[in-house]
Amino acid sequence: MRTLTTLLLVAAGALAACATLPDPYLAPEGSETAATVDELAPGRYHVLVRINYFAADGEAERLLRKRAATLCKQGEAVHIDHLATARQPAMAAADITCEAPQAEEPPIAEPAPDAPADTDNGVPSSETAPPAPAGATTPDAE
């Protein structure tokens, strides 16, 4: 009987302790716990970032983008392809490509709206049309 009473007291104490545990919470910002960077080619990388367990969704991707920005030189465009995220364990992986900024191409000049669209060396096509066969009538001849 004494064993049963002791067992019930321990169970009641454990139940009370579990009922007063704080609610789980997420850290306001994730922190990187591990990362790997493999250089596939000059300017191309495969990056994997693992973060702390109690971070909000999207933190792994944010930290991966932050690491990708450190791989590329100042002014280079950062392209992220094949982005994959996982929740347990919290991680993100992607292929990163750094590209130098390209010079802006000059706009292509469009023809003026009043210019004839179909020309041959500046002469409208109606003036270079072959002559009408003999005996044929034209609407102007009537």
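This is a predicted model: local features need pLDDT of at least 70, side-chain atom pairs count only at pLDDT 80 or more; totals for chains, interfaces and linings use all residues.
## Disulfide

The disulfide joins Cys72 to Cys98, with an S to S distance of 1.8 Å. Because the torsion about the S-S bond of Cys72 and Cys98 is about -75°, the disulfide is left-handed.

Cys72 lies in the loop between helix H2 (59–71) and strand S3 (77–86), whereas Cys98 belongs to strand S4 (residues 91–99), so the pair ties together parts that are 26 residues apart in sequence. Both ends fall under the 20% limit for burial: Cys72 is buried at a relative accessible area of 8%, and Cys98 counts as buried at 11% relative accessibility.

## Fold and contacts

The secondary structure of the protein chain comes to two helices and six strands, and from the N terminus on these elements run in the order α-β-β-α-β-β-β-β. Among contacts in the protein chain between residues at least 6 apart in sequence, 50% join residues at least 24 apart.

## Surface

Of the 142 residues in the protein chain, 16% are buried. The protein chain exposes about 11400 Å², and carbon and sulfur atoms supply 58% of that area.

A nonpolar patch on the surface is formed by Met1, Leu4, Leu7 and Leu8, which together have about 490 Å² of accessible area.

Methods:
Residues are numbered from 1 along each chain as its sequence is written. Side-chain values use heavy atoms; hydrogens and water are left out. A disulfide is a pair of cysteine sulfur atoms within 2.5 Å. Helices (H or I, at least four residues) and strands (E, at least two) are DSSP runs, numbered from the N terminus. Buried means under 20% relative accessible area, exposed over 50%, partly exposed in between (1.4 Å probe, protein chains only). Patches are made of residues with over 30% relative accessible area and no salt bridge: like charges are joined within 9 Å, nonpolar side chains (Val, Leu, Ile, Met, Phe, Trp, Tyr) within 5 Å. Accessible areas come from the Shrake-Rupley method with a 1.4 Å probe; for residues, only the protein chains shown count as cover. A salt bridge is a side-chain nitrogen of Lys or Arg within 4 Å of a carboxyl oxygen of Asp or Glu. Contact means heavy atoms within 4.5 Å.
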